[in-house]
Amino acid sequence: MSRCYNFCAGPAALPESVLEIARNDMLEWHGKGLSLMEMSHRSPEVVGVVNHAEQTLRSLLGISDDYAVLFLQGGASTQFGSVPLNLLGDKLSADYVNTGQWSKKAIEEGRRYCEVNVVASSQDTNFSTIPPQAQWQLGNDAAYLHYTPNETIGGVEYFWTPQVEVPLVADMSSTILSRPTRVEDFGVIYAGAQKNIGPSGLTLVIVRRDLLGRANAMCPAMLNWQLAADNESMYNTPPTFALYLAALVFDWLVEQGGLLGIETINRRKAQKLYAAIDNSDFYANPVELPSRSLMNVTFTLADAALDKQFLTESESAGLLNLKGHRSVGGMRASLYNAVSEAAVDALIAFMLDFEQRNG
Ligand SMILES: *Cc1c(COP(=O)(O)O)cnc(C)c1O
C-alpha cells in the first residue's frame, strides 16, 4: 500500500489512524457480530456512538447547553436554504457579507426566501480581501447576519468575529475545528463534514436554543432545526457511517491536544507554505496578508503555461489534488487538520525543485 499526500479541498484527507480503526471495525464492530453500519440507528450501540460524537465535539469546541448540536444531511448547501427558513420568523430581510464563491451561493439561495441585503462585498478585489466591518452597511431590520469565515475557493479567512446585534450565522465548512472558536459569539454555526469533520453525507449545525421555534410553516420537516433538536438528530435515519467516522475524528483531535494543539500545527503548516511562496519570484499568492487562509492556500505559477506540467509532475511525486478551483485558476493546497506537516514539507520540497528546473 502506498498512500499519497492528499491536498483535496473536499472531500478531504482523513487521519490515517482513523481509517485504520474503521478498517478493523468494518466487518464486525466491538465483537457484536455485525458492522455498526448494519445496526439500527435506534440501537444502543449507534445511539452511544452518536452521543459520544456529540459529547466530544461539545468538549472540543466548548459548546454550552444553551446550544443544540444537530447532525443533519444535505451538506452545507442545504443549510443555505435552511438558515432563512428557520430564522426569518416574521422578518423580511437578512444581511449577508459577500467574500467569495460560497458567500455568493448562500446569497443566491437566501434570495428565494427574503430580501438579501449584501452589507459588503470584496468582488472588486477578486475576493482577495475581507471588507473591514467599519465599511459594512448593515440593514435596519435584518433577521440575522450571514458570513463565510473561510472562503474555501479564494483562500481568504477572517481572523476576527463580526460584532452585530442580530444573530450571527457562520458557514464554517472549511475552518471548523481548525482552531479554537468562541461558540457563544454565534447564533448558528454550520458546516458540511467533508473538510474537517469526516466523510461527506453529514452536516453539522450548532444553534443557540433560543433561536429554535421560528421556522416558517412551509419549512420541510427535514430542514426544521427544532424538529431535529426534539428528535436528537434522529427524525429520520441519520448517516450512521459518517457519524461513526466523525466520532473517531473527534477522538483523534483530542489526541492532537484539542483545538489549541491542532491550531499550533495548522499555523506552522500554513506559515511554511506561505513563506515558500513569498520567498520565490516563481510562485505568488494574491490574498491580503491578514486574511490568508490557514486551511486553503492558493498559489499561481509565474507562467500559467506550466500549470499542467506542475500538476502532472506533482501527482507523480505523490502529491494529489493541487489543481485550483476553475473560477480562480492556478493551484490550491488544502491543509485541513488531517494533512500532516510531512505532507506540507514534501509539497514545499517539490515546489522548490520544480522552480529550479523551470524558473
Ligand atoms: C465545501 C463548502 C460548501 C459546500 O458544502 P456541501 O456540503 O458540498 O454542500 C459550502 N460552504 C463552504 C465554505 C464550503 O467550503
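Student: Let's start with one residue. In which helix is the place of Glu-355?

Tutor: Keep in mind that we're looking at a predicted model. Helix H9 runs over 341-358, and that is the helix to look at here. The place of Glu-355 is in H9.

Student: Leaving aside its neighbours within four places in sequence, which residues is Glu-355 in contact with?

Tutor: Contact here means heavy atoms within 4.5 Å. With the neighbours within four places in sequence set aside, Glu-355 is in contact with Ser-280, Asp-281, Phe-282 and Tyr-283.

Student: And what separates the C-alpha atoms of Glu-355 and Leu-204?

Tutor: Along the chain, Glu-355 and Leu-204 are 151 residues apart.

Student: Which residues in H9 do the residues in H7 meet?

Tutor: On the H7 side you'll find Ile-265, Arg-268, Lys-269, Lys-272, Leu-273, Ala-276 and Ile-277. Sorted by class, the residues of the contact of H7 with H9 are eight nonpolar, no polar and five charged. The H9 residues they meet are Glu-341, Val-344, Asp-345, Leu-347, Ile-348 and Met-351.

Student: What classes of residue make up the lining of the largest pocket?

Tutor: Nearest its centre lie Ala-13, Leu-14, Ala-338, Val-339 and Ser-340. Taken over the whole lining of the largest pocket, the classes come to 14 nonpolar, four polar and four charged residues.

Student: How many cavities of 30 Å³ or more does a search of the whole structure find?

Tutor: The largest cavity holds about 130 Å³ of space. Of the 13 residues lining that largest cavity, Phe-71, Leu-72, Met-222, Ser-233 and Asn-236 are closest to its centre. The second largest cavity holds about 80 Å³. The search finds two cavities of 30 Å³ or more.

Student: Which residues are closest to the centre of the second largest cavity?

Tutor: Its lining has nine nonpolar, four polar and one charged residues. Out of the 14 residues that line the second largest cavity, the closest to its centre are Ala-13, Lys-195, Asn-196, Val-249 and Ala-338.

Student: How far apart do the C-alpha centres of domain 1 and domain 2 lie?

Tutor: The domain assignment gives domain 1 as 17-255 and domain 2 as 258-358. Their C-alpha centres lie 27 Å apart.

Student: One last thing, the backbone. Which residues does a cis peptide bond join?

Tutor: Head for the loop between E1 and H1, where Pro-11 is found. The bond has an omega of about -10°. The cis peptide bond joins Gly-10 and Pro-11.

Note on methods. Residues numbered from 1 in each chain as written. Predicted model: local features only at pLDDT ≥ 70, side-chain atom pairs only at ≥ 80, totals over all residues. Heavy atoms only, no water. 1 Å grid on protein atoms, 1.4 Å probe; cavity = no way out; pocket = protein on both sides within 12 Å on 5 of 7 lines; lining within 4 Å. Helix = DSSP H or I, 4+ residues; strand = E, 2+ residues; numbered from the N terminus. Nonpolar A, V, L, I, M, F, W, Y, C, P; charged D, E, K, R; others polar. Domains from an automatic or database assignment. Points joined across faces, edges and corners; volume = space filled by probe spheres on them.
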